[in-house]
Amino acid sequence: MSEKERRQCIFCPERATTGEHIWSNWANPLLGKRRRYKIRQEIQDEVRTWNSVGLHQKFPLLCDTCNHEWGGKLETRMKEICSDMVRDGAPTLLSATDVATIAMWSQLKAFISDCAQEGHIGSFHEFGTRRAFRMNFTFPTGTNMWLARTYSTHGIYKGVYAKAPLETPKRFHSYIFTMSIGQLVVQVTSVRWTKKSNRKYASPPNFTQGPAWNRFCVPIWPNCITPIYWPPSGQLRRDELDALVERWKIVNRTD
């Protein structure tokens, strides 16, 4: 990210003056304010670990308006819908409105993760894409999302960049964001054509998970049928959560 981008809010032209929580702050009372965590951060293959009381890490990427007004309202709605899911993994029937809120919140966190990747030459999504989301919650084309469940002792917040092999026709790039908060897991994949000329004439491919993942991951975006029942039958262990993060690094084209 350039020095100019660091000074500007990632959603609007205003100056970035506040930090956005990596894990939403409303989860701390649910999971235990004094709960101890071992945080593992991996950015551009550089790994850093530290101990933390509570989940308070932030990225200084937003202006006050984006963080505390529309962003704050979205966090409030997310808390109302998902508190029991986060804390207890409580069975929940999600309406179309609920799913839309979770999808918006997940996309917000994916944007934050992408723009916080220090050392990455430019973010995956252009500023215009992020601003369209800020204005009317327009999702980037080529976006897919899933919900899963893990154990509250496991946690992850990771963005992965992947590229199709050089010889691939209509080559594309992808960004895979995976996050758990308590027992709730969200995964967001974003795909775009490598050549800008292809972006003008065709939508990027959608990712469809293999059958083995159906017991662990519930698709919620796009074209999901509501209401959606959560959690799925399978609960991800630590090794399965790691596999979830890496599952889109190699994909098979069906077109």
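Phe137 is partly exposed, with a relative accessible area of 24%. On that scale, buried means under 20% relative accessible area and exposed means over 50%, with partly exposed in between, using a 1.4 Å probe and protein chains only. Phe137 is not a glycine, yet has a positive phi of about 55 degrees. Its place is the loop between H5 and strand S6 (143-149). Helices (H or I, at least four residues) and strands (E, at least two) are DSSP runs, numbered from the N terminus.

A word on the source. This is a predicted model, in which local features need pLDDT of at least 70 and side-chain atom pairs count only at pLDDT 80 or more, while totals for chains, interfaces and linings use all residues. Residues are numbered from 1 along each chain as its sequence is written, and side-chain values use heavy atoms, with hydrogens and water left out.

Most residues other than glycine have a negative phi, and most peptide bonds are trans. Asn223 also has a positive phi, of about 60 degrees, and is not a glycine. Asn223 is exposed, with a relative accessible area of 76%. Asn223 sits in the loop between S10 and S11.

Which peptide bond ends at Pro222, and is it cis or trans? The bond runs from Trp221 to Pro222 and is cis, with omega near -10 degrees. Pro222 is in the loop between strand S10 (218-221) and strand S11 (228-230). The bond from Thr226 to Pro227 is cis too, with omega near 5 degrees, and Pro227 lies in the loop between S10 and S11.

Now the inside. A nonpolar core here is a set of buried Ala, Val, Leu, Ile, Met, Phe, Trp, Tyr and Cys residues joined through side-chain atoms within 4.5 Å. The largest has 54 residues, of which Phe11, Leu94, Ile112, Ile181 and Leu184 touch the most other members. Which helix gives the most to this core? Helix H4 (residues 96-115) does, with ten residues. Another core, of 20 residues, lies apart from it and includes Ile156, Val185, Trp193 and Phe207.

Take Phe11 on its own. Contact means heavy atoms within 4.5 Å. Setting aside neighbours within four places in sequence, the contacts of Phe11 include Leu62, Trp70, Leu108, Ile112, Phe127 and Arg134.

Next, helix packing. Two packed helices are described by the angle between their axes and the distance between the axes. Axes are lines fitted to C-alpha atoms, for helices over the stretch in contact, and angles run from 0 to 180 degrees between N-to-C directions. Angles under 35 degrees count as roughly parallel, over 145 as roughly antiparallel, 65 to 115 as roughly perpendicular and the rest as oblique.

H4 and helix H5 (residues 127-136) pack at about 150 degrees, with axes 12 Å apart, and are therefore roughly antiparallel to each other. On the H4 side, Met104, Gln107, Leu108, Phe111 and Cys115 meet Thr129, Arg130 and Phe133 of H5.

Helix H3 (residues 64-88) and H4 pack at about 125 degrees, with axes 9 Å apart. H3 and H4 are therefore oblique to each other. Among the residues making the contact are Trp70, Leu74 and Met78 of H3 and Thr101, Trp105 and Leu108 of H4.
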